[in-house]
Structure formats: structure tokens, C-alpha cells
Amino acid sequence: MLTCQELTELVTDYLENRMSFMDRLRFRVHIGMCRHCRAYLDQMRKTIRTLGELSAEPIPPAIRDELLARFRDWKR
Amino acid sequence: MTLTDPQVASVGLSEQEARTKGIDLMVSKLPLSYVPRALAARETRGFIKLIADRRMNRLVGAHILGTEAGEMIQEPTLAITHGIKVDDLAAAFHPYLTLAEGIKLAAQTFTKDVKKLQGRSGLKTWIFSILTNRAKTRGRRDKRSVPFSVLSGLDPEDEPAVHRSRFTSSGGWAPPPERWDEDTPERLLLGSETRALIDHAIAELPAGQRAVITLRDIEGLDLAEICNILEISGTNQRVLLHRARAKIRSALEQHLHRP
């Protein structure tokens with residue numbers, strides 16, 4: 001049986017869909033029975049969602065100029 | 001071809017005509033929102049529809065709706081006239097960031113799921129590759145900066161996702177994680193204090209973890225694309241992502257449950 005501590009190390013593989021069928025099953029059985037780990041998984045999902053809502057940093061002018069220069073070169 | 005806005009251009013058989021002739025058809029329809037050039041030009045109205053004879057592996061019709069449909073129809077016209085194979089069309093060189101590339105992507109769509117094509121995020125991938133190469137070059141020039149190889153290297157010390165003190169000796173939660181409200185992320189981001197906290201937490205991450213979490217969770221790139229850009233293995237990348245996310249979660253937790 002998977003412990004809670006072990007589960008916290010598998011969360012990323014679970015969320016990124018990189019688990020074998022049996023591991024996934026074991027993970028889900030644990031989540032189904034353990035509300036603390038359900039809360040942890042939920043926190044992790046919300047963390048990822050929060051990160052997704054951060055707006056991108058503005059591109060520094062020097063890099064923007066380089067990108068534009070590359071666009072022009074590439075068109076030639 | 002019709003000069004409306006957007007233009008309509010057609011060549012060869014329509015889907016219905018081809019069906020009436022009893023041809024075993026393959027149909028590929030690609031919205032222009034999957035073509036990087038259309039995305040970059042912010043003009044994604046329209047689609048490219050290609051119709052091919054499955055047995056002969058050749059185009060029999062092409063129908064394009066889009067601002068430059070008249071320009072784009074030329075290639076399928078030649079392909080139909082000269083019986084160019086769909087595979088050859090899909091493999092032929094088409095410059096990146098042109099509408100012509102849309103024809104290639106549409107030809108690839110016969111056999112691949114359009115959502116898995118690199119089209120949608122291609123522009124971002126390309127820009128990040130340039131930025132990464134830049135950072136690598138600069139890293140080599142400037143001895144004081146962190147060597148770029150740290151991106152693939154894992155951190156020497158073992159970093160658990162959640163600190164050991166949070167578990168009992170048998171691996172169960174000691175103080176368990178609290179439930180976060182449904183609107184937590186939105187509510188959190190309202191406060192500039194929280195934003196600064198997340199920015200700080202990201203800035204504190206080792207370079208590799210920071211690169212992976214930025215590309216994956218903030219910019220929303222695919223795992224495979226990130227492997228290509230950073231030139232690291234899939235396993236490596238998942239470990240970096242795992243550790244980075246765990247640290248950001250932990251920072252948020254401390255912030256939310258301050259006494």
C-alpha cells in the first residue's frame with residue numbers, strides 16, 4: 001500500500017499522465033480513501049492553475065530587437 | 001476564387017462531388033488558428049480543407065477560406081494537376097511562419113491529430129529556442145554565470161516534495177494539508193503581495209527547475225517541446241518540474257496559512 005509520503009512524490013507523474021496503468025490504479029485507490037491526499041492533489045492542481053494565470057513578463061527591448069532582426073534575416 | 005473578405009478559393013472536386021464519383025476519400029480540415037503565420041498576424045478566420053483519394057494517395061480537391069486564400073490555392077492546384085502524393089506534400093519544405101506552411105500542416109492532418117501538431121505553439125517554441133541558445137552562448141562567454149549544463153543536472157541533495165516533518169514515521173500526514181477554496185488562485189492573484197511571493201519563489205528555484213516550470217506551467221508548452229528546447233531527457237524534465245511545483249505549492253501554503 002502506497003503511503004501518503006510516497007504519493008506526494010508521484011503527483012507530477014500522475015498529473016502529467018506518465019504512469020503505468022497499475023501505478024495509476026494504486027494512486028487512485030489511495031486518493032479515493034485518503035482525504036488528506038485528496039486535499040494535497042487539489043492544492044497542487046490549484047498551484048498549477050495559479051501559475052497558468054500569471055501574465056508573461058514583457059520581453060526586454062534588447063531581446064525584442066534581436067527577434068525582429070532574426071525575423072528580417074529569415075525572410076530574406 | 002472569390003475576392004470576398006476573407007477570400008474563398010477552390011480547386012478540383014468538392015467533397016460531395018468526390019463522394020458522388022464513389023472515390024474512397026480522406027478529408028482534412030485545418031482551422032487557420034492552427035497555422036503559426038495566421039496566429040502571428042492575428043488573422044485566424046477561415047480554414048484549409050483538403051480532399052484526397054485514399055487509394056491513390058493524391059489530392060482531388062482543395063478549398064480554402066482565408067484572407068490570402070487566393071495565394072494559397074496555387075500549391076494544391078499544382079499538386080492536383082501533377083498528381084503529387086499527399087505524403088510528399090506533407091514532407092516538402094515549407095518555410096516556417098508563412099501561410100504556405102498551412103498547406104503542409106493540412107496535408108499532415110490527414111494522418112495526425114491536428115491538436116498534436118506543433119502548429120499552435122510553434123511560434124513560442126521557436127522564440128524560446130532562440131532565447132535558450134542566447135543564454136547558452138552568454139553562459140559560455142561569461143565565466144561567472146551559472147553553466148548552462150545545470151539545466152540537465154539534478155540538484156545534488158535529495159529534495160522531497162513535502163518536508164519530512166509533515167509525515168509520521170509510517171508515512172502518513174502529521175499535520176495534513178488544508179483544503180483551499182475553489183477560487184483560491186483568482187483571489188490570490190488579486191493581491192500584488194501574493195504575486196510578488198510567487199515571483200520570488202520562482203526566482204529562488206535552481207535554473208533547471210525554473211526553466212521547466214516557466215515553460216510548462218506559465219507558458220503552457222508540451223513536455224516534448226520543452227525537452228527539445230532545453231535538450232534534456234523526459235525523465236529529467238519531470239523530476240525538475242516535480243520539484244519546482246512542490247516548492248511553489250509549499251510557498252503558497254505558508255502564505256495562505258500564516259498565523
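Which side chain does K46(A) meet in a salt bridge? In this predicted model, the partner of K46(A) is D42(A), with N and O 2.9 Å apart. A salt bridge here is a side-chain nitrogen of Lys or Arg within 4 Å of a carboxyl oxygen of Asp or Glu. K46(A) and D42(A) are four residues apart in helix α4 of chain A, so about one helical turn separates them. Over all chains, the whole structure holds 14 salt bridges.

Residues are numbered from 1 along each chain as its sequence is written, and chains are lettered from A in the order in which they are written. Local features need pLDDT of at least 70, side-chain atom pairs count only at pLDDT 80 or more, totals for chains, interfaces and linings use all residues, and side-chain values use heavy atoms, without hydrogens and water.

The two chains share an interface. Chain A gives 36 residues to the contact and chain B gives 48 residues, where contact means heavy atoms within 4.5 Å. The buried area is about 4000 Å², and carbon and sulfur atoms give 62% of it. Buried area is the accessible area (1.4 Å probe) that two parts lose on being put together, summed over both.

Four salt bridges link chain A and chain B. One joins R238(B) to D13(A), with the closest N and O atoms 2.9 Å apart. On the side of chain A that touches chain B, the elements giving two or more residues are α1 (4-8), α2 (11-15), α4 (35-52) and α5 (61-75) of chain A. Helices (H or I, at least four residues) and strands (E, at least two) are DSSP runs, numbered from the N terminus. The largest share, 14 residues, comes from α4(A).

Chain B contains an open sheet of four strands in the order β1-β4-β3-β2, with antiparallel pairing. Two strands pair if DSSP finds at least two bridges between them. β1 (7-12) and β2 (25-31) of chain B stand at the edges with a single partner strand each, so one side of each has no neighbour in the sheet. From one strand to the next, the twist averages 10°. Seven bridges join β3 (residues 47-53) and β4 (residues 58-66) of chain B. In this pair, D53(B) stands opposite R58(B).

Two helices lie across the sheet strands. Helix α6 (residues 100-108) of chain B lies across β2, β3 and β4 of chain B, at about 50° to β3(B). Axes are lines fitted to C-alpha atoms, for helices over the stretch in contact, and angles run from 0 to 180 degrees between N-to-C directions.
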